[in-house]
Amino acid sequence: MSWKMGLGSYLLRRLLTFLPSVIGALLITYLIAYVIPTDPVRAWVGEKLMDPSTLDKLKKEYKFDAPWYEQFVFLVEKLLSGTLIDPVRGTPVVQQVAQRFPITVELAIFGMLFTVAIGIPLGIVAAAKKDSVIDFFVRIFALFGSSIPAFVLYYFLILAFYVYARASLLAGVPFYSLSCAARLDSIRDAVPVLGYLVWAVGQVPIFGAPMCGEFSVVSDTVVRMWLPGLALGLLSGGFIARIVRNSLLDAFTSESILFAKARGLTNQRIWRHALKNAFAPIVTILGLDFAGLLTGAIIAETVFNIPGMGLYMYQGITRLNFPIIIAGTFLFSIIYIVMNLIVDLIYALIDPRVRY
């Protein structure tokens, strides 16, 4: 079987497992929320007394008077039709997700940039200087990133860079103007496929604003997002550095690299081969890390008051808001499945020895 046929068969198998994976994730998450012994409607309205007739009406509206499977089907059908209403805010959940997910994408991009900028160079240097003082400090840094509580690091960074250095802004996310939004909508309507792709990318303000010449939105976004991005990068960068270091050291002791040395290849070519072999597992880790950031860095969004999907899910879980929980789980499941697929494809491109 050729590589292309094997890849096509693999893609087909993955697509066939796509729907069952999403349904399974939705069902498990729903059942976990369902078995919690509390009244969700009371959690929505708080401890303030609401007249019994209104509570009963809400319960009937969201099928809390029906068996669990009818309630689950009701939530999924409403979600897929875009008519599932957030009972706390009174707006469609899809609308909330559409507003908040682009903000999470921005945060994920900044977090990943810092993760790569910190983790990969440190890992390479540590591997090149194995058992040296530099290697020792890189391993200490990796241990620091893995062990420090996230909220401690976040508050320390806020104290250092916002309170004392005044090098960052907190809270609030800049958006482009309504006229810019209208321009993006017109592009989507004018060009069938490419226009829709441009529109989708443009929903992320840091990408959409330059399309309209609103570069102040970009600079304002950088000023507000670089600190939470650095915080995420410091947490993940140490782990990535350790993975890069260990992968490179394994690559240098592999038979192919030993053979290359025996053939008298230059250090530059040996390093090139070692990096190529070492980066396959690193791509997997980075892909899953990015998927984790896209599903909302809940603590980071809460501490830095970023109104993305992480904060939205946190608010939904604490109030047993079933519509938010179902919508968030649906989105996160798709992200993880798609990211896994993309990572596997990149893995195959980096290492042609991979067969499906």
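Mentor: Let us begin with a term that we shall need throughout: a residue is called buried when its relative accessible area is under 20%, exposed when that area is over 50%, and partly exposed in between. Please also keep in mind that what you see is a predicted model.

Trainee: How does D56 count on that scale, and where is its place in the chain?

Mentor: D56 counts as partly exposed because its relative accessibility is 42%, and its place is in helix α3, which covers residues 52-61. D56 also belongs to a negative surface patch, which is formed together with D51, D65 and E70.

Trainee: Which other residue of helix α3 could I look at?

Mentor: Take K60, which lies in helix α3 as well, and which is exposed because its relative accessible area is 56%. If you want a sense of distance, the C-alpha atoms of K60 and L197 are separated by 40 Å, the two residues being 137 residues apart along the chain.

Trainee: How should I read a disulfide, and how many does a search of the whole structure find?

Mentor: In general, a disulfide is a covalent bond between the sulfur atoms of two cysteines. Here a search of the whole structure finds one disulfide, and this disulfide joins C180 to C212, with a distance from S to S of 2.1 Å. The link of C180 and C212 is right-handed, with 80° about the S-S bond.

Trainee: Which parts of the chain does the pair of C180 and C212 tie together?

Mentor: C180 lies in helix α8 (residues 178-190), while C212 lies in the loop between α10 (205-211) and α11 (215-252), so the pair ties together parts that are 32 residues apart in sequence.

Trainee: Are these two cysteines, C180 and C212, buried or exposed?

Mentor: Both C180 and C212 are buried.

Trainee: What should I look for in a salt bridge, and how many are found in the whole structure?

Mentor: Look for a side-chain nitrogen of Lys or Arg within 4 Å of a carboxyl oxygen of Asp or Glu. By that reading, a search of the whole structure finds five salt bridges. One of them is formed by D86 with R89, whose closest N and O atoms are 2.8 Å apart. D86 counts as buried because its relative accessibility is 0%, whereas R89 is partly exposed, with a relative accessible area of 31%.

Trainee: Which residue forms a salt bridge with R139, and how far apart are the closest N and O atoms?

Mentor: The partner of R139 is D135, and the closest N and O atoms of this salt bridge are 3.5 Å apart. R139 and D135 are separated by about one helical turn because they are four residues apart in helix α6, which covers residues 133-147. R139 is partly exposed, with a relative accessible area of 39%, whereas D135 counts as buried at 0% relative accessibility.

D135 also takes part in a salt bridge with R245, where the closest N and O atoms are 2.7 Å apart. R245 lies in helix α11 and D135 in helix α6, so this pair ties together parts that are 110 residues apart in sequence. Both R245 and D135 are buried, and salt bridges that share partners join D135, R139 and R245 into one network.

Trainee: Let us turn to the backbone. What is the phi of D131, and where does this residue lie?

Mentor: D131 has a positive phi of about 65°, although it is not a glycine, and D131 lies in the loop between α5 (93-128) and α6. With a relative accessible area of 59%, D131 is exposed.

Trainee: What is the phi of L320, and is this residue buried or exposed?

Mentor: L320, which is likewise a residue other than glycine, has a positive phi near 50°, and L320 is found in the loop between α15 (309-318) and α16 (322-350). L320 counts as buried because its relative accessibility is 7%, whereas D131 is exposed.

Technical notes. Residues numbered from 1 in each chain as written. Predicted model: local features only at pLDDT ≥ 70, side-chain atom pairs only at ≥ 80, totals over all residues. Heavy atoms only, no water. Patch = residues over 30% accessible without salt bridge, like charges linked within 9 Å, V, L, I, M, F, W, Y side chains within 5 Å. Areas by Shrake-Rupley, 256 points an atom, 1.4 Å probe, with all protein chains shown as cover. Lys, Arg positive; Asp, Glu negative; His and termini not counted. Charge placed at Lys NZ, Arg CZ, Asp CG, Glu CD. Helix = DSSP H or I, 4+ residues; strand = E, 2+ residues; numbered from the N terminus. Buried < 20%, exposed > 50% of the residue type's maximum accessible area, 1.4 Å probe, protein only. Disulfide = S-S within 2.5 Å.
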